[in-house]
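Subject: Structure handover, sheet and salt bridges

Hello,

Here is the structure for you to look at. My notes come after it.

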Amino acid sequence: MGARDLLVVAIVFTAAAAVAGDPVHHVVGEDRGWDPSTDVASWYSQRVFRVGDKIWFTYSTTQESLVELRNEEDFTSCDLSNPIKMYTDGLDTISLEGEGIRYFVSGNTESCKNGLKIPVKIQPKEQIMAQNNVGSMAVADGPTVPSASTNLNGLSYILIVGLSICLLGL
């Protein structure tokens with residue numbers, strides 16, 4: 001299975017997680033990946049990261065790499081001299097285990113200075129439950145919520161389509 005196939009699987013699991021209410025798998029830059037031509041700032045601005053989610057970075061190892069930095073100052077200046085971790089696999093999955101901000105930048109200083117970097121602000125998991133409780137109370141007099149089997153059918157459909165795409169090499 002190639003990097004493209006793994007990206008398709010990641011996107012399928014992201015859609016499936018949204019249906020099932022499970023942790024989300026965020027694929028940075030979606031099909032364009034972690035690349036200088038990707039507008040990662042726009043991609044980032046449309047995301048909410050929560051404890052338990054995963055973030056996926058895909059990139060060409062001949063042109064890019066990924067570095068996690070310790071603080072906002074290093075992030076802002078693209079100072080790569082004291083990283084937490086360097087990633088060079090081309091397909092890196094990072095679990096978002098705790099609340100706070102994690103700083104990811106390109107390992108190519110020029111790409112970093114040109115905007116290939118994102119600060120990932122990780123929200124607590126509990127907020128999802130609070131929002132669901134408020135939403136349930138607000139629609140108490142409205143139509144009933146579909147059963148879990150409806151969500152399972154949608155999830156099954158998404159998984160079957162995604163796996164078919166991978167197996168057929170589309």
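Below are notes on the sheet and on the salt bridges.

Please keep in mind that this is a predicted model.

The sheet first. It is open and has 5 strands, in the order E2-E8-E7-E4-E5. The pairing is mixed. Strands E2 (49-50) and E5 (85-87) are at the edges. Each has a single partner strand, so one side of each has no neighbour in the sheet. E7 (residues 100-106) pairs with E8 (residues 117-123) in the antiparallel sense, over 6 bridges. In that pairing, Arg102 is opposite Val120 of E8.

Now the salt bridges. The search of the whole structure gave 2.

One joins Glu68 to Arg102, with the closest N and O atoms 2.7 Å apart. Glu68 lies in strand E4 (residues 66-69) and Arg102 in strand E7, so this pair ties together parts 34 residues apart in sequence. Is Glu68 buried or exposed? Its relative accessibility is 5%, so Glu68 counts as buried, the cut-off being under 20%.

Another joins Arg47 and Glu30 through their side chains, at 2.6 Å from N to O. This pair also links distant parts of the chain, 17 residues apart. Arg47 sits in the loop between helix H2 (40-45) and E2. Glu30 sits in the loop between strand E1 (25-27) and H2. Arg47 is partly exposed, at 22% relative accessible area. Glu30 is partly exposed too, at 41%.

Best wishes

Conventions: Residues are numbered from 1 along each chain as its sequence is written. This is a predicted model: local features need pLDDT of at least 70, side-chain atom pairs count only at pLDDT 80 or more; totals for chains, interfaces and linings use all residues. Side-chain values use heavy atoms; hydrogens and water are left out. Two strands pair if DSSP finds at least two bridges between them. Helices (H or I, at least four residues) and strands (E, at least two) are DSSP runs, numbered from the N terminus. A salt bridge is a side-chain nitrogen of Lys or Arg within 4 Å of a carboxyl oxygen of Asp or Glu. Buried means under 20% relative accessible area, exposed over 50%, partly exposed in between (1.4 Å probe, protein chains only).
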